[in-house]
Amino acid sequence: MRAQFVLSEIGVGLRRNLTMTFAVIVSVALSLALFGGSLLMREQVSTMKGYWYDKVNVSIFLCNKIDAESDPACAKGVATDEQKKQIKADLQKMPVVQNVQFETADEAYKHYKEQFGKSPIAGSLTPDQMQESFRVKLKDPSKYAVISSAFSQRPGVQVVQDQKTLLENLFNLLNGMNYAALGVMALMLVVALMLIVNTVRVSAFSRRRETGIMRLVGASSFYIQIPFIMEAAFAGLLGAGFACVLLVGGQYFLVNNWLAHHIDVIQFIGWDAVLAKLPLVLAIGLLMPALAAFAALRKYLKV
């Protein structure tokens, strides 16, 4: 097989179907960029889970004067010093507890001002409105139910709160966004495959005279099909290349130069995760159009 002939046929096919080839490149680029972005988002969520689940605490909030007047859980009054000592002693005896830290109302107020000092309601709060609490670090965060069942009905306890539950709501939202991106990616992939099939079909039809002559002189089916397959593979590879550019640009501009400077509580994935996905994106961009073209040729190119 002469490589020069194959390359010339690829060039002819791309020029004849320039508009459809461009549409294929754009569709493949967008679908693979969404695919790569979904993989990176899934890895980001896994990284965040590993980072934050290791830091979550179980909070045991104690009744203060305001709660004693308004919350049925605090109907027995404000938490006494004796109740606080008993709660701490019982926590320290439990095998699932790693450590216990008591936070006073003044400390809670200070932490609130540090985190939400710019909030409109921050100026109206006073330290006596804040709750004292025990911050309990568990050896296994999944053992929250043990703490909840043991202390939620204790006198002086308003509520036992698991921070892991709050984080799971955030992670469920991120996973939902990831599934939505995968859905859009699947739709774009279908569009790209349809464009590839139509492009190959039009190209085969426009060159039916040449393929007929090649068949008459004894050219093999593979020899006739290979220019069409390589046209689709080349267009797909260009689309995959643009997808890689989008992924690298997103990591550099969106993550490293914007999100990392504005959201310092999240440990973002690094370049190693992005670069590890690029060969997969390129491989899919090369193989997917080639296989689609091969399947289309079996039906539309009678050899």
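Let's begin with glutamate 43, which forms a salt bridge with lysine 277, their closest N and O atoms being 2.7 Å apart. A salt bridge here is a side-chain nitrogen of Lys or Arg within 4 Å of a carboxyl oxygen of Asp or Glu. This pair links distant parts of the chain: glutamate 43 sits in helix α2 (residues 18-53) and lysine 277 in helix α10, 234 residues apart. Helices (H or I, at least four residues) and strands (E, at least two) are DSSP runs, numbered from the N terminus.

Before going on, keep in mind that this is a predicted model, where local features need pLDDT of at least 70 and side-chain atom pairs count only at pLDDT 80 or more, while totals for chains, interfaces and linings use all residues. Residues are numbered from 1 along each chain as its sequence is written, and side-chain values use heavy atoms, with hydrogens and water left out.

So how covered up are the two partners? Because buried means under 20% relative accessible area, exposed over 50% and partly exposed in between (1.4 Å probe, protein chains only), lysine 277 is buried, with a relative accessible area of 14%. Glutamate 43 has 30% relative accessibility, so it counts as partly exposed.

Side chains of opposite charge can pair when their charged atoms come close. The structure holds 5 salt bridges, so let's look at some others. Lysine 84 forms one with aspartate 81, and here the closest N and O atoms are 3.8 Å apart. These two are 3 residues apart in helix α4, so about one helical turn separates them. Lysine 84 is buried, with a relative accessible area of 14%, whereas aspartate 81 counts as exposed at 54% relative accessibility.

Glutamate 103 and arginine 135 make another salt bridge, with the closest N and O atoms 2.8 Å apart. Glutamate 103 lies in strand β2 and arginine 135 in strand β3, so the pair ties together parts that are 32 residues apart in sequence. Glutamate 103 counts as buried, at 9% relative accessibility. Salt bridges can also share partners, and that is how Asp81, Lys84 and Glu132 are joined into one network.

That brings us to the sheet. Strands of a sheet pair through backbone hydrogen bonds, either parallel or antiparallel. In this model, 4 strands form an open sheet in the order β2-β3-β1-β4, with antiparallel pairing. Two strands count as paired if DSSP finds at least two bridges between them. The edge strands are β2 (97-103) and β4 (157-162), each of which pairs on one side only. On average, neighbouring strands of this sheet are turned by 15 degrees against each other, direction ignored. For angles like this, axes are lines fitted to C-alpha atoms, for helices over the stretch in contact, and angles run from 0 to 180 degrees between N-to-C directions.

Now zoom in on β3. Strand β1 (residues 58-62) is joined to strand β3 (residues 133-138) by 4 bridges, and the two run antiparallel. Isoleucine 60 has phenylalanine 134 of β3 as its bridge partner, and phenylalanine 61 has serine 133 of β3. Strands β2 and β3 pair over 6 bridges, again in the antiparallel sense. There, phenylalanine 102 has phenylalanine 134 of β3 as its bridge partner.

Which way do the side chains of β3 point? Ser133, Arg135 and Lys137 point one way and Phe134, Val136 and Leu138 the other way, and all are buried. Since 6 of the 6 residues of β3 are buried, this strand is largely enclosed by the rest of the structure.

Helix α4 (residues 81-93) lies across β1, β2, β3 and β4, running at about 0 degrees to β3. Helix α6 (residues 144-151) lies across β1, β2, β3 and β4 as well, at about 175 degrees to β4. Contact here means heavy atoms within 4.5 Å.

Next stop, helix α7 (residues 163-206), where alanine 186 is found. Alanine 186 counts as partly exposed, at 38% relative accessibility. Alanine 186 and leucine 34 are 152 residues apart in sequence, yet 9.1 Å apart in space, C-alpha to C-alpha.

Finally, back to helix α10. Leucine 286 lies in this helix and counts as partly exposed, at 36% relative accessibility.
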